[in-house]
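Here is a short briefing on helix packing, ligand contacts and backbone geometry. Keep the structure open while you read.

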Amino acid sequence: MDLLEHQGKELFAKAGLPVMAGETAWAPLDAVDAAKRIGLPVVVKAQVKTGGRGKEGGVRRCATIEDALAAATAILAMTIKDRPVEAVLVEEAADIAREMYLSFSLSRADRGPVLVFAREGGVDIESVARRDPTALIRRPIDPLLGLCDYQVRDVLAAAGLPRKSFAGRSLWAVVHAAWRLYLETDATLLEVNPLALTPDGAVVCLDSKVTIDDSALFRHPDFAALAEAAADEREARARRAGLAFVELDGDIGVLGNGAGLVMSTIDQLAVAGGAAADFCDLGGGARAEVVANAVDLVLAADGVKAVLVSIFGGLTRCDEVARGLLRAFSDVGVEVPVIVRLDGTAASAGRKILTEAGLSNLHVAASAPEAVTMAVAAAQGELAPKEAPAATVAGGADVEAG
Ligand code: GDP
Ligand code: MN
C-alpha cells in the first residue's frame, strides 16, 4: 500500500520527524483557507501516487493568496503520469540551503533492509546517482540487530555531516526516528527526498514516500481506512471478493485459476505477440458467482479488447466456471471476444455448456496454446465472430423468459 505524501507526513509528525505545518485540501477555496491559516509563503503540492511532481509542475511556491488560489486550481485539475491529482497539500514554505536524500527500503539483493543516504538529493537524485554512484551511501541493515548507532554515525561522517556538527545532531535523530517508523509500520519503503537543511541549520522532511507491506496490514488496524482509500476501486472489490487482481498495460484480460497458470498464460501471450491488460486469479474451487465477478473485474481495465480464460480444473470445476461465464454474459454484458480453454475436472461438461449457449463472441479453444493464439488474434481484431445458431439463441431466450 502506497501512502500519499500527506498521509506519510502525518506518520512522520507522530514519529517525531520534523515536517512543515500543512493541511490537505480537496478544493481550491479550501486550499486558500489553509494558506491563510498557515501563513504565506506556502507551497502547494499535488497529492498523487507518483514521483516527479516537481518536474511536472505539481509543486508550486506561492507568495500571495492569489498565487495559492491559482496554483491549487491548476494542480487539482492536473493529471501526473496518468494519475489524476486527488488533493493538494498546502504547506508552510521552507527555505532550503541543501537538499539531501534518506531512505530505508527492503532490498532483495541484501535480503533485508538497506539505508541509503545522499548529501545531494532532490528532484535530480537519479542523475546524481548515475553521474556518481558513490554519492549514494548505502548500508545494509542486519534484520536481527536493526539499525545500529555506529552505522548512523558512520553514514553521517561519510556524507561530511558528522554527528558532532550542528546539522549532524538533528540528522542523527532523524535517521533513527525514520528507522523506528519504518520498522513499526512494517514499511517496505520510507523515503525522504528532499530531506532539507534550512539556512539556519534545521533539518526538515519536505517530501514523504511510504509503502506499507500489504501482508502486514492485519497488524495495523489503524491503517484500515488508509488501505480502503489507497486501493483503487477495483483492487478493493477484488480484495473483498477474495480474488487476486493486478492491472497491467496491454489489451487482453486474463482470467485463470492459480498464480502459476496465470503467470505462464501471460508469458505465452507475450511470446505470441500479445500483452495482458490485467489478470485475475480465481484461486481454487471458485463458484459461478465468483467467476462472474472476476470477468466483470477483468473487463473493467482500460482498453480490454479480448479476454482469455484459462482453467485447469482440479478443485475448480470447469462446469462451474462455464456457468459463471454465462452469468457474466447475461448480467454484465460482455462485448469483446472471450476465448476459453477448459481442461481438467468436468472440462467436457464445461465446454458443452459454453458451446450450447451459442454466443457469437464466446469461443471455446481446444487447447491452451490454441486459446493463446486466438486471444492474440482477437485483440488484433482478426478473430471472426462465430455464426450464432439462431435457434439456440431464441431457445435460450424462451427458456429464460419462461
Ligand atoms: P517530487 O518532485 O514529487 O519528489 O516532489 P517534492 O515534494 O520532492 O518537491 C519537489 C521539489 O520542490 C523539491 O525537491 C524542492 O526543491 C521543492 N520544494 C518542495 N517543498 C518546498 C518548500 O517548502 N520550499 C522550497 N523552497 N522548495 C520546496
Ligand atoms: Mn521528492
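**Helix packing, ligand and backbone**

Helix H8 (residues 233-241) packs against helix H10 (residues 288-299) at an angle of about 165°, and their axes are 11 Å apart. The angle is over 145°, so H8 runs roughly antiparallel to H10. This is a predicted model. Two further helix pairs, a ligand site and some backbone features follow.

**H8 and H10**

- H8 and H10 cross in a left-handed sense.
- H8 contributes Arg234, Arg237, Ala238 and Ala241 to the contact, and H10 contributes Asn293, Asp296 and Leu297.
- The contact of H8 with H10 has 3 nonpolar, 1 polar and 3 charged residues.

**H11 and H12**

- Helix H11 (residues 318-331) packs on helix H12 (residues 347-357) at about 20°, with the axes 7 Å apart.
- That angle is under 35°, so H11 and H12 are roughly parallel to each other.
- Their crossing is right-handed.
- On the H11 side, the contact is made by Cys318, Asp319, Ala322, Arg323, Leu325 and Leu326.
- On the H12 side, Ala347, Ala349, Gly350, Ile353, Leu354 and Ala357 meet them.
- By class, the residues of the contact of H11 with H12 are 9 nonpolar, 1 polar and 2 charged.

**H2 and H3**

- H2 and helix H3 (residues 65-76) pack at an angle of about 140°, and their axes lie 9 Å apart.
- Roughly antiparallel would need an angle over 145°, so H2 is oblique to H3.
- The crossing of H2 and H3 is right-handed.
- From H2, the residues in contact are Pro28, Leu29, Ala31, Val32, Ala35 and Lys36.
- Their partners in H3 are Ile65, Ala68, Leu69, Ala72, Thr73 and Leu76.
- The contact of H2 with H3 counts 10 nonpolar, 1 polar and 1 charged residues.

**Ligand 1**

- There are 17 residues around ligand 1, and Lys45, Arg53, Gly54, Ala94 and Glu99 come nearest.
- Glycine 54 places a polar backbone atom 2.8 Å from an oxygen atom of ligand 1.

**Backbone features**

- Most residues other than glycine have a negative phi, and most peptide bonds are trans.
- The peptide bond between leucine 40 and proline 41 is cis, with omega about -10°.
- Proline 41 sits in the loop between helix H2 (28-38) and strand S2 (42-47).
- A cis peptide bond also runs from asparagine 193 to proline 194, with omega near 10°.
- Proline 194 belongs to strand S10 (residues 187-197).
- Aspartate 186 is a residue other than glycine with a positive phi, near 55°.
- Aspartate 186 lies in the loop between helix H6 (166-184) and S10.

Notes: Residues are numbered from 1 along each chain as its sequence is written. Chains are lettered from A and ligands numbered from 1 in the order in which they are written. This is a predicted model: local features need pLDDT of at least 70, side-chain atom pairs count only at pLDDT 80 or more; totals for chains, interfaces and linings use all residues. Side-chain values use heavy atoms; hydrogens and water are left out. Axes are lines fitted to C-alpha atoms, for helices over the stretch in contact, and angles run from 0 to 180 degrees between N-to-C directions. Helices (H or I, at least four residues) and strands (E, at least two) are DSSP runs, numbered from the N terminus. Angles under 35 degrees count as roughly parallel, over 145 as roughly antiparallel, 65 to 115 as roughly perpendicular and the rest as oblique. A crossing is left-handed if the near helix is turned anticlockwise from the far one by less than a right angle, and right-handed if clockwise. Contact means heavy atoms within 4.5 Å. Ala, Val, Leu, Ile, Met, Phe, Trp, Tyr, Cys and Pro count as nonpolar, Asp, Glu, Lys and Arg as charged, and the others, Gly among them, as polar. A residue is near a molecule or strand if one of its heavy atoms lies within 4 Å of it. A polar contact is a pair of N or O atoms within 3.5 Å; within protein, one must be able to donate a hydrogen and the other to accept it, and residues adjacent in sequence count only if both atoms are side-chain atoms.
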